[in-house]
Amino acid sequence: MTTVPLLRTEIPGPRSRELHARREASVPPGFGITLPVFVARAGTSTLEDVDGNTLIDLASGIAVTSVGAANPRVRESVAAQLDLFTHTCFMVTEYEGFVRVAEWLNENVPGDFAKRTGLFSTGAEAVENAVKIARAYTGRPGVLVVDEAYHGRSLLTMAMTAKEHPYKTSFGPFPGEVVRGPNANPLRGGDAETALTEIERIIAGHGPEHFAALVVEPIQGEGGFVVPAPGFLPGLRRIADAHGIVLVVDEIQTGLGRTGALFASAHEGVAGDLTLTAKALGGGLPLSAVTGRAEIMDAAHAGGLGGTYAGNPLACAAALAVFEVLEDPGLLPRVARIERIIRDHLEPLVAEAAFVAEVRGRGAMMAVELADPGTLAPRPDLAQRISAACHAAGVVTLTCGTQGNVIRLLPPLVIDESILETGLTILTTAIRSIAAEEAAA
Ligand SMILES: *Cc1c(COP(=O)(O)O)cnc(C)c1O
């Protein structure tokens with residue numbers, strides 16, 4: 001294996017810069033960019049750009065290419081389907097792949113009850129359909145979400161997303177009936193008891209029969225990889241049960257092995273009435289799912305659910321290959337090792353660098369929060385500087401957090417461990433050198 005990162009030019013290189021200039025002339029600036037590098041091909045742990053540079057991938061296209069961006073099993077499965085047909089529309093004529101994906105999810109999603117699965121294309125569509133189904137089942141309008149939540153960019157899911165900028169600025173008005181409760185963010189003093197009491201108070205304020213759905217991420221993704229205080233998710237489960245509210249667990253970022261369990265809700269022993277998957281589900285092809293209690297899923301009338309591309313055959317073929325990788329008994333232990341390796345590299349920084357407030361996460365979903373010591377005032381400027389240093393050195397990292405002050409790591413679950421170590425060494429070197437600059441300033 002060649003050593004990576006392999007840098008032949010500066011990042012971005014001349015060919016990427018040329019293509020980026022064309023992009024700027026042809027694509028509106030509303031589409032943001034983390035790293036303006038054009039990719040030519042991918043490996044298991046790496047991305048090769050159009051200038052011949054090989055970058056270490058610690059982002060997986062935002063937790064999508066968990067089995068690698070060029071997984072041979074995904075390629076073979078999709079290629080075989082490609083030889084047969086690309087599309088029929090499942091609501092016009094049927095195909096087995098859709099049913100097989102539904103069967104796998106019904107069997108593997110948490111919850112010891114009869115389930116059904118509906119397939120869609122994007123995560124936001126899964127969230128929207130979960131709300132439709134919960135409303136049909138309960139006959140109620142309200143949707144309860146929490147602080148720092150991220151559920152998507154469509155009009156309803158934007159309303160459910162907490163972060164104002166860039167997701168919501170200038171795009172309102174938003175659909176009504178979305179109400180926000182507190183989150184239990186341990187770093188910022190959130191505890192489960194206080195948050196749950198406040199959520200009970202909000203529900204009482206709207207009347208117990210107001211809310212159709214309570215939607216929550218078991219570990220927040222875009223909101224900053226916030227692992228809720230222990231007891232928060234089980235508490236939400238109890239509250240939902242007490243008031244007949246459908247608990248919707250948004251596992252779009254956390255699901256399918258990302259946190260070292262097949263589903264992150266299992267870490268807390270919680271099963272949603274409805275569980276949402278997307279991102280890693282299609283191995284890079286657009287596919288999302290709502291999986292849940294048969295009696296809730298069956299509440300939507302015939303013809304009420306679907307979409308032209310919902311559960312596209314190529315995406316279903318990709319998902320079936322992703323499931324094979326997930327069923328490999330070596331995979332989840334591998335994710336646990338990724339967490340250990342990341343913690344070994346990053347945790348010493350909490351004592352070393354005053355602005356490293358916390359290292360947190362689970363499995364291959366780990367983050368470093370940057371904030372002023374004592375006040376915990378967010379430092380998005382440092383997240384930007386650290387990311388820029390990683391990018392220049394050939395490591396693809398992402399930021400997140402409602403204040404943009406968190407570096408998040410989402411390596412492919414199949415990443416080569418020595419490549420992961422190299423990427424982490426580059427990240428910790430960047431953090432240490434910025435800590436030295438800060439200390440000198
Ligand atoms: C990415 C994400 C979504 C939205 O998925 P899209 O495919 O971008 O529509 C929703 N919820 C969570 C938790 C996500 O991480």
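**The core and its surroundings**

A: The largest nonpolar core has 66 residues, and Phe323, Phe355 and Ile386 touch the most other members. The structure is a predicted model, in which local features need pLDDT of at least 70 and side-chain atom pairs count only at pLDDT 80 or more, while totals for chains, interfaces and linings use all residues. Residues are numbered from 1 along each chain as its sequence is written, and side-chain values use heavy atoms, with hydrogens and water left out.

A nonpolar core is a set of buried Ala, Val, Leu, Ile, Met, Phe, Trp, Tyr and Cys residues joined through side-chain atoms within 4.5 Å. Buried means under 20% relative accessible area, exposed means over 50%, and partly exposed lies in between, with a 1.4 Å probe and protein chains only. In soluble globular proteins, nonpolar side chains tend to be buried together.

Helices (H or I, at least four residues) and strands (E, at least two) are DSSP runs, numbered from the N terminus. Ile386 touches Phe355, Leu370, Ile407, Leu427, Ala430, Ile431 and Ile434, if residues up to four places away in sequence are not counted; contact means heavy atoms within 4.5 Å. Another core, of 25 residues, lies apart from the largest one, and Val127, Ala130, Ile133 and Val246 are among its residues.

The account now turns to the helices. The axes of helix H4 (residues 96–108) and H10 come within 9 Å and cross at roughly 35 degrees. Axes are lines fitted to C-alpha atoms, for helices over the stretch in contact, and angles run from 0 to 180 degrees between N-to-C directions. The crossing of H4 and H10 is left-handed; a crossing has this hand if the near helix is turned anticlockwise from the far one by less than a right angle, and is right-handed if clockwise. On the H4 side, the contact is made by Gly97, Phe98, Arg100, Val101, Trp104 and Leu105, and on the H10 side by Cys316, Ala319, Leu320, Phe323, Leu326 and Glu327. These residues divide into nine nonpolar, one polar and two charged. In this division, Ala, Val, Leu, Ile, Met, Phe, Trp, Tyr, Cys and Pro count as nonpolar, Asp, Glu, Lys and Arg as charged, and the others, Gly among them, as polar.

A second pair consists of helix H11 (residues 331–346) and helix H14 (residues 417–440), whose axes come within 10 Å and cross at roughly 25 degrees. H11 and H14 are therefore roughly parallel to each other. Angles under 35 degrees count as roughly parallel, over 145 as roughly antiparallel, 65 to 115 as roughly perpendicular and the rest as oblique. H11 and H14 make a right-handed crossing. From H11, the contact involves Arg334, Arg337, Ile338, Ile341, Ile342, His345 and Leu346; from H14, it involves Glu417, Leu420, Glu421, Leu424, Thr425, Leu427 and Thr428. Seven of the residues in this contact are nonpolar, three are polar and four are charged. Leu427, listed here for H14, is also one of the residues that Ile386 touches.

Helix H7 (residues 192–206) and helix H8 (residues 232–243) have axes that come within 10 Å and cross at roughly 25 degrees. That makes H7 roughly parallel to H8, and H7 passes H8 in a right-handed crossing. Ala192, Ala195, Leu196, Ile199, Glu200 and Ile203 in H7 meet Phe232, Gly235, Leu236, Ile239 and His243 in H8. The residues of this contact comprise eight nonpolar, two polar and one charged.

Some individual residues complete the picture. Arg360 belongs to strand E11 (residues 356–362) and is buried, with a relative accessible area of 6%. Leaving aside neighbours within four places in sequence, Arg360 is in contact with residues including Leu187, Phe225, Arg343, Glu369 and Val406. Ser154, by comparison, lies in the loop between strand E5 (142–146) and helix H6 (155–160) and is partly exposed, with a relative accessible area of 24%. Ser60 is placed in helix H2 (residues 60–63) and counts as buried at 0% relative accessibility. Phi of Ser60 is near 50 degrees, a positive value in a residue other than glycine. Most residues other than glycine have a negative phi, and most peptide bonds are trans. The peptide bond from His165 to Pro166 is cis, with omega near 10 degrees.
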